[in-house]
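Trainee: I would like to learn how to read a structure like this one. Can we go feature by feature?

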Amino acid sequence: MAEVDLTNRDPNALNNHLSTAFEDVLGEPDGIHSMDCVWRNSYSCFNCGKNCLYKVCTLLCGIFIALYWGCVFAAVAMQHIWCITPSFKVWEINMACMRHYSKSIVDCCLGPCCETCGLFLSNMKLTQTSG
C-alpha cells in the first residue's frame, strides 16, 4: 500500500474550486477601507474560524465519511465486475447471433430484389444530346 502524501493532499486538483483564502473571499476596494486593526483581526478571525471548524468537522465526521465513500466505491466496483461487465458480454454474444440471423433474412429476402434492380439498371444506356 502506498504511503499517503501529507503535504500535497489534492494531487489531482479535484477541489481547486474551493478556494477559501481570505483574499479570495473578502476584499476592500480603493477608496473604502476599514481601520487597519479591523482588517488585520478580520483576517485572523476568518482563518482561525475556517481552520478550527474544518478540523473539528473532519475530526468528528471525516473518518466515517471516508469509510462510507470507500464502501460506495467498493460496491460500484463489485457491481461492475460481477454484474455489469458480464451482462455486456452476454449482450454482445446474443447480438452477434441476432446480427447473423438478420443478415441471413436480408440476404434471402432483399438480396434477389436488389440484384434484379442492379441488372435492370446496368443494361440502361444514357446518351447526352447537345442542344
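Mentor: We go from overall form to single residues. Keep in mind that this is a predicted model.

Trainee: How many helices and strands are in the protein?

Mentor: The protein has two helices and zero strands. Helix H1 covers residues 22-25, and helix H2 covers residues 36-122.

Trainee: What radius of gyration does the protein have, and what would a compact globule have?

Mentor: The protein has 35 Å. A compact globule of 131 residues would be near 14 Å.

Trainee: What percentage of the residues is buried?

Mentor: Buried residues make up 2% of the 131. The protein exposes about 12,300 Å². Carbon and sulfur atoms supply 68% of that area.

Trainee: How many positive and negative side chains are there?

Mentor: There are 8 positive and 11 negative side chains. The centres of the two sets lie 13 Å apart.

Trainee: Next, aromatic pairs. What describes a pair of aromatic rings?

Mentor: The distance of the centres and the angle of the planes describe a pair. In this protein the count comes to five aromatic pairs. Take Phe22 and Trp39: their ring centres are 4.9 Å apart and their planes meet at 65°, so the pair is edge-to-face.

Trainee: Which parts of the chain does that pair link?

Mentor: Distant parts. Phe22 is in helix H1 and Trp39 is in helix H2, 17 residues apart.

Trainee: Is Phe22 buried or exposed?

Mentor: Phe22 counts as buried, because its relative accessibility is 3% and the limit for buried is under 20%. Trp39 is at 31%, so Trp39 counts as partly exposed.

Trainee: Which residues form one aromatic cluster with Phe22?

Mentor: Trp39, Tyr43 and Phe46 do. Tyr43 belongs to helix H2. Tyr43 is partly exposed, at 38% relative accessibility. Tyr43 and Glu23 are 20 residues apart along the chain, while their C-alpha atoms are separated by 8.8 Å.

Trainee: What kind of aromatic pair do Trp69 and Phe73 form?

Mentor: A tilted one. Their rings are 6.1 Å apart, centre to centre, with 40° between the planes. Trp69 and Phe73 are four residues apart in helix H2, so about one helical turn separates them. Trp69 is partly exposed, with a relative accessible area of 43%. Phe73 is exposed, at 55%.

Trainee: Now sulfur. What is a disulfide?

Mentor: It is a covalent bond between the sulfur atoms of two cysteines. A search of the whole structure finds zero disulfides. Cys52 is in none, and the nearest cysteine sulfur, that of Cys48, is 3.8 Å away. The cut-off is within 2.5 Å, so a pair must be under that limit to count.

Trainee: Why is Cys83 too far for a bond?

Mentor: Because the sulfur of Cys83 is 17 Å from the closest cysteine sulfur, in Cys71. Cys52 is partly exposed, with a relative accessible area of 42%. Cys83 is also partly exposed, at 38%.

Trainee: Where is Leu14 found?

Mentor: Leu14 is in the segment before H1. Leu14 counts as exposed, at 61% relative accessibility.

Trainee: How far apart in space are Asn51 and Ser122?

Mentor: They are 83 Å apart, C-alpha to C-alpha. In sequence they are 71 residues apart. Asn51 lies in helix H2. Asn51 is partly exposed, with a relative accessible area of 38%.

Conventions. Residues numbered from 1 in each chain as written. Predicted model: local features only at pLDDT ≥ 70, side-chain atom pairs only at ≥ 80, totals over all residues. Heavy atoms only, no water. Buried < 20%, exposed > 50% of the residue type's maximum accessible area, 1.4 Å probe, protein only. Rg over C-alpha atoms; globule rule 2.2 N^0.38 Å. Areas by Shrake-Rupley, 256 points an atom, 1.4 Å probe, with all protein chains shown as cover. Lys, Arg positive; Asp, Glu negative; His and termini not counted. Charge placed at Lys NZ, Arg CZ, Asp CG, Glu CD. Phe/Tyr/Trp six-rings, centres within 6.5 Å; stacked < 30°, edge-to-face > 60°.
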